[in-house]
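Today I am looking up aromatic pairs and nonpolar cores. Here is the entry I started from.

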Amino acid sequence: MLRSPNKDPSGQLTGLDGEMMQWIAKKNGWTIEIVGTDFATLIQTVKTKKADIVVDAMYITDERNQQVSFTDEWYTEGEGIVVPVDSTIKSREDVKGKVIGAQTGTFYAKQAANWGGKEIKYFDSQAALLKAVENRQVEVIVTDSIVAAYSLKQNPNDKIKLVSPYTPEEIGHIGAAVRPEDGELLQQMNDGLKALKASPDYATIMKKYGVPETNYAK
C-alpha cells in the first residue's frame with residue numbers, strides 16, 4: 001500500500017483518500033503498510049514493486065493510464081489557488097505574469113505551466129507549497145482544492161487564503177492505481193469501493209473533508 005505522506009503518529013492513513021482506503025482495506029481484510037514517497041515518484045514506486053497501490057488524490061489521465069491501471073472513480077475535484085491574504089488575485093487571468101508555485105509531478109503543475117506566469121517554482125509537497133506562499137517565495141500556488149481547503153480549516157493561517165469563489169479550469173477524476181498485471185487486486189479494490197459508495201460511510205467521509213455532493217462519484 002502506498003500513500004504519500006499523510007499518516008498520523010500512530011502510522012494510520014489520514015486524509016480523504018486515506019480514510020477511503022482504510023475502509024476498503026477493512027472490507028477486504030487487508031493489513032496496510034504505508035510506503036512514503038514524493039508525489040512525483042508514486043507511479044514509479046508501484047511499477048518497481050516497492051508498493052502495490054497508489055492512493056494520493058491522483059487524477060486519472062491518459063498519460064498515467066499507459067503506466068498503471070486505475071480503479072473506478074473515487075470522487076472528482078478541480079484545482080484551487082492560494083494566495084497571500086492581501087493579494088488582489090481573484091482568477092486564473094490574474095495569475096499571468098506572477099510567480100507561481102506548484103507541486104512536482106501533479107496535474108496542477110501542468111496546468112500552471114500554461115497560465116502565463118512569470119516563473120514557476122516547484123515543491124515536493126502540499127505543506128511546502130503552503131509555506132512557500134505564506135513566506136512569499138511565490139505569489140500564488142495552484143493545488144488540490146479539497147486538500148487546501150481542509151488544511152486551512154484544520155490549521156487556520158491569517159497570512160494566506162484560498163481564493164473563493166473560484167471556477168476550476170478542469171474537473172479531474174480521482175482514482176487509486178495498481179500495476180496493469182494486478183487484475184485481481186484491481187477487482188478487489190473496485191469491489192471494496194463499490195461497497196463503500198453503497199454505504200452511508202461514503203457521504204460521511206466526503207462531508208468530513210468538505211467535498212460537495214456534486215463531486216461525489218457516480
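I searched the whole structure for aromatic pairs and found four; rings of Phe, Tyr and Trp (its six-membered ring) count as a pair with centres within 6.5 Å, stacked if the planes are under 30 degrees apart, edge-to-face if over 60, and tilted for the rest. The model is predicted, so local features need pLDDT of at least 70 and side-chain atom pairs 80 or more, while totals for chains, interfaces and linings use all residues. Numbering runs from 1 along each chain as its sequence is written, and side-chain values use heavy atoms, without hydrogens and water.

I looked at Y59 and Y108 next: the ring centres are 5.4 Å apart and the planes at 80°, so I noted the pair as edge-to-face. Y59 sits in strand β1 (residues 53–59) and Y108 in helix α4 (residues 107–112), so this pair ties together parts 49 residues apart in sequence. Helices (H or I, at least four residues) and strands (E, at least two) are DSSP runs numbered from the N terminus. Both Y59 and Y108 are buried, meaning under 20% relative accessible area, with over 50% exposed and partly exposed in between (1.4 Å probe, protein chains only).

For Y202 and Y216 I have centres 5.6 Å apart and planes at 85°, so this pair is edge-to-face. Both Y202 and Y216 are buried.

I also noted that Y59, F107 and Y108 form one aromatic cluster.

Which residues have the most contacts inside the largest nonpolar core? They are L16, M20, M21, W74 and Y75, in a core of 44 residues; such a core is a set of buried Ala, Val, Leu, Ile, Met, Phe, Trp, Tyr and Cys joined through side-chain atoms within 4.5 Å.
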